[in-house]
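User: I'd like to go through this model and check where each label comes from. Can we take it term by term?

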Amino acid sequence: MFHDDLGTGFTAHAPARRVVSLVPSITESLASVRAEALAGVTDWCTHPADLECARVRGTKNPNTKKIVLLEPDLVIANKEENRELDVDRLRARGVPVWVTDIRTVPDAIHSLERLFDHALQWPRPDWLRKARELWCAEPLEPVTRRVVVPIWRDPWMVVGADTFTGDLLRRLGWENLWESTSYNPEQKRYPHSTVEAIDSAGADVVLLPDEPYVFTDQDGPSSFARTPTELISGRLLTWYGPSLVPARFSLER
């Protein structure tokens, strides 16, 4: 018996043939190896764009009845992105669920390796090896940029402490100011803030991703009078999967 990232026991008797993914990053990861095995994914699973399988609503409100009817031999969830309630409902119906828990880039890579090896029993994709080489070297890069990353507006929310995105930024040599207790005294993961506080923090740049809030050149940059802004791919900042490889080269400067 193996255990998922939260320590729940899991027994796989054969390579997974019908999989439902409730995590967009993981959907892309699975499709890179066996897209035909994906029986269902969420409405937010946008990569690959040509993926053809059942949609089971969102990450926070999956249609558990539909998932059961798809007869998966594995459902993959994530502690942060999915609700414990939905995991419990699926398990109560006899559906095997493997839950991941990811807070750093090495966490993501190790978790995906275990997922492929133990839960799926599929071969590891080559991009996973490449991602480990690109992102897990020590020591980390010296700080070259001080940044703030809003993820929502009205109310404004930013990337805080103990997050995958924060660790990715750190490995690029970018300091996320809201990881500091000076700006985030309670060390919340996604704290509320104000545009005034963000603009006066002294960041080199405010990074405006296109997800989960879709910042655009017409919606976001004009809010900041003091600090330069930069529109950036949310997928490169927040997804763990094949995008980790191009993210290193696209974001590094």
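User: What order do the strands of the open sheet take, and is the pairing parallel or antiparallel?

Analyst: Five strands make up the open sheet, in the order β5-β4-β3-β6-β7, and the pairing is parallel. Before we go on, this is a predicted model: local features need pLDDT of at least 70, side-chain atom pairs count only at pLDDT 80 or more, and totals for chains, interfaces and linings use all residues. Residues are numbered from 1 along each chain as its sequence is written, and side-chain values use heavy atoms, with hydrogens and water left out.

User: What makes β3 and β4 a pair?

Analyst: Two strands pair if DSSP finds at least two bridges between them. Strand β3 (residues 19–21) and strand β4 (residues 38–41) run parallel and are joined by three bridges, so they pass the cut-off of at least two. Val19 stands opposite Leu38 in β4. The strand labels themselves are DSSP runs, numbered from the N terminus: helices are H or I with at least four residues, strands are E with at least two.

User: How many bridges join β4 to β5?

Analyst: Two bridges join β4 to strand β5 (residues 54–55), again parallel. Gly40 stands opposite Ala54 there.

User: Why do β5 and β7 count as edges?

Analyst: Because β5 and β7 (97–100) each have a single partner strand, one side of each is left without a neighbour in the sheet.

User: Why is the unit of β3, α1 and β4 called right-handed?

Analyst: It's a matter of path: a crossover is right-handed if, with the strands pointing away from the viewer, the path from the first strand over the helix to the second runs clockwise. The β-α-β unit of β3, helix α1 (residues 24–34) and β4 is right-handed. A right-handed unit is also made by β6, helix α3 (residues 84–92) and β7.

User: How do you know that Ser25 is buried?

Analyst: Buried means under 20% relative accessible area, exposed over 50%, and partly exposed in between (1.4 Å probe, protein chains only). Ser25 has 3% relative accessibility, so it counts as buried. Ser25 lies in helix α1, where eight of the 11 residues are buried. Beyond residues up to four places away in sequence, Ser25 touches Thr238, Trp239, Tyr240 and Gly241; a contact here is heavy atoms within 4.5 Å.

User: What makes Trp44 exposed?

Analyst: Trp44 has a relative accessible area of 59%, so it counts as exposed. Trp44 sits in the loop between β4 and β5. Leaving aside neighbours within four places in sequence, Trp44 is in contact with Pro24, Gly58 and Thr59.

User: Why is β6 described as largely enclosed?

Analyst: Five of the five residues of β6 are buried, so β6 is largely enclosed by the rest of the structure. Leu74, Ile76 and Asn78 point one way from the strand, Val75 and Ala77 the other way, and all are buried.

User: What makes a group of residues a nonpolar core, and which residues of the largest one touch the most other members?

Analyst: A nonpolar core is a set of buried Ala, Val, Leu, Ile, Met, Phe, Trp, Tyr and Cys residues joined through side-chain atoms within 4.5 Å. The largest one has 51 residues, and Leu30, Leu115, Leu120, Trp135, Leu168, Leu244 and Leu251 touch the most other members. Helix α4 (residues 105–120) gives this core its largest share, eight residues. A second, separate core of 14 residues includes Trp156, Trp178, Ile198 and Ala201. As background, nonpolar side chains tend to be buried together in soluble globular proteins.

User: Last one: how do you know that the chain agrees with the globule rule?

Analyst: The rule is 2.2 Å times the number of residues to the power 0.38, and the radius of gyration is taken over C-alpha atoms. For 253 residues, a compact globule would have a radius near 18 Å; the protein chain has 19 Å, which agrees. Of those 253 residues, 51% count as buried.
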